[in-house]
Amino acid sequence: MEPLSKNNTNNNLVKPSLNVETLDPIEPSPLRKIIVVASIAAGVQFGWALQLSLLTPYVQLLGIPHKWASFIWLCGPISGMLVQPIVGYHSDRCTSRFGRRRPFIAAGALAVAVAVFLIGYAADLGHATGDNLAKQSRPRAIAIFVVGFWILDVANNMLQGPCRALLADLSAGDHRKTRNANAFFSFFMAVGNVLGYAAGSFSGLHRMFPFTMTKACDIYCANLKSCFFLSIILLLTLTTAALIYVKERALVPDQKNPNVKEDGGIQCFGELFGAFHELKRPMWILLLVTCLNWIAWFPFLLFDTDWMGKEIYGGKVGNGKASKSYDMGVHAGALGLMLNSIVLGVTSLGVEFLARVVGGVKRLWGIVNFLLAISLAMTVLVTKMAEHSRQFPGGDVNADPLPPTGAIKAGALTLFSVLGIPLAITYSIPFALASIFSITSGAGQGLSLGVLNLAIVIPQVRINFISF
């Protein structure tokens, strides 16, 4: 990366037609306000952790073939490709009396609650509308699930973009505080992950909500419902606290351009494509490295617990049911993701220190990318070792295999843990740099983060099509 300077007036992004930066406070906001806003990430990531650890097995239990799971996961990157730039563009220009970002954050949180309800109750609603529980596939439940899942990803994109943009607004151009704000956001993502994976690994959670277990919803499904109820409570609590405590001033059009009007989605994507035309070398490097990061990350994040269930524990999924060894592997994978999140949280708080130790943010990002590549390559070795050492009760290869040896399980969990280090950098440094580029160029934070988001979602679409 080329060094950043406040004197660098090159337009890394196209400047919007409204003076969207004039409402930033002269001085950065107190750290406590930044922390309160960043804490929303814990509520968002709680639900996201449940998606990563439990939903791929869940869709297979509903009767969706394994290869179609990748198609369903396409909704995340597609919604991110469309929703984040549009929401970012309009949040830069929102003239609501409640502020620019807060209305989008509130709407996103409510939409998440609705989506989670649809996902959790997909099996029940499908059965109520005519699904035959004796059949392998439940088409109505699948349709309800897919609708809820798409709404959830749209809502998450609608929520996270304005949250990060609000953090940049509160940092008021202070580069160090911008990096710290994104580090806190990453830290609270780790907190949400720990809570989500811990909930996902606990098989008795449904006892807190006994009404969740029904004829159409077994213990696994009831646990998923219970996790989602806790997710809704946490997200709405944190969002309400942030919206009440942190205030924004209403935006008015730039007095030099009093006749400026909203031009809708066409203008949004016009500015987005114009931004790519005007990008300078540092921003292109940022987008390229981010893109390569997510090409590496997404297969692991999509199939991590499934990898544990099938490749490490040797389990199988078929006829709408999972074998006992597969269930054990999924729960072990949830434990691994929780360990990953603990490392993620600790590393997030030490990003500034680590950058100073290794000689800068650029060098730190390069080092952890090598660590990421080595760790992902080691998954192949652990898989081969698990296959070689797999044992079956009574020597019957058609029976459900015995759990892997302690060494194999420890190796897999170690990989999960080590990957928390590069994940912390992936969740913080790119977003901080994008915000800094936005500040130095005078572009809106929302649109700047929308440009960065394209470097994340395009690799996800590619990986999904390859998996499909």
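How many residues does helix α15 have, and how far does helix α15 reach from its first C-alpha to its last? It has 13 residues, 406-418, and reaches 18 Å, close to the 18 Å expected at 1.5 Å a residue. That expected span is 1.5 Å times one less than the number of residues. Helices here are DSSP runs (H or I, at least four residues), numbered from the N terminus.

Quick housekeeping, everyone. This is a predicted model, where local features need pLDDT of at least 70 and side-chain atom pairs count only at pLDDT 80 or more, while totals for chains, interfaces and linings use all residues. Residues are numbered from 1 along each chain as its sequence is written, and side-chain values use heavy atoms, with hydrogens and water left out.

Back to α15. Its buried residues are Ile-408, Ala-412, Leu-413, Leu-415, Phe-416 and Ser-417. By buried I mean under 20% relative accessible area; exposed is over 50%, and partly exposed is in between (1.4 Å probe, protein chains only).

Okay, salt bridges. Side chains of opposite charge can pair when their charged atoms come close. The cut-off here is a side-chain nitrogen of Lys or Arg within 4 Å of a carboxyl oxygen of Asp or Glu. The structure holds 6 of these.

Take Arg-101 and Asp-169, which meet at 2.8 Å, N to O. Arg-101 sits in the loop between α4 (75-93) and α5 (102-120), while Asp-169 is in helix α7 (residues 139-171), 68 residues apart. Both Arg-101 and Asp-169 are buried. They also belong to a salt-bridge network with Asp-92 and Arg-100.

Next, Lys-225 pairs with Asp-124, with the closest N and O atoms 2.4 Å apart. Lys-225 is in helix α9 (residues 219-245) and Asp-124 in helix α6 (residues 122-128), so this pair ties together parts 101 residues apart in sequence. Again, both Lys-225 and Asp-124 are buried.

Then there's Arg-179 with Glu-352, at 2.6 Å, N to O. This one links helix α8 (residues 175-201) to helix α13 (residues 351-358), with the two residues 173 apart. So which is buried and which is partly exposed? Arg-179 is partly exposed, at 26% relative accessible area, whereas Glu-352 is buried, at 14%.

Last stop, the surface. Ile-78, Leu-82, Ile-86 and Trp-150 form a nonpolar patch with about 300 Å² of accessible area together. Patch residues have over 30% relative accessible area and no salt bridge, with nonpolar side chains joined within 5 Å. Helix α4 gives the most, with 3 residues. Ile-78 is found in α4, and is partly exposed at 31%.

Technical notes. Patch = residues over 30% accessible without salt bridge, like charges linked within 9 Å, V, L, I, M, F, W, Y side chains within 5 Å. Areas by Shrake-Rupley, 256 points an atom, 1.4 Å probe, with all protein chains shown as cover.
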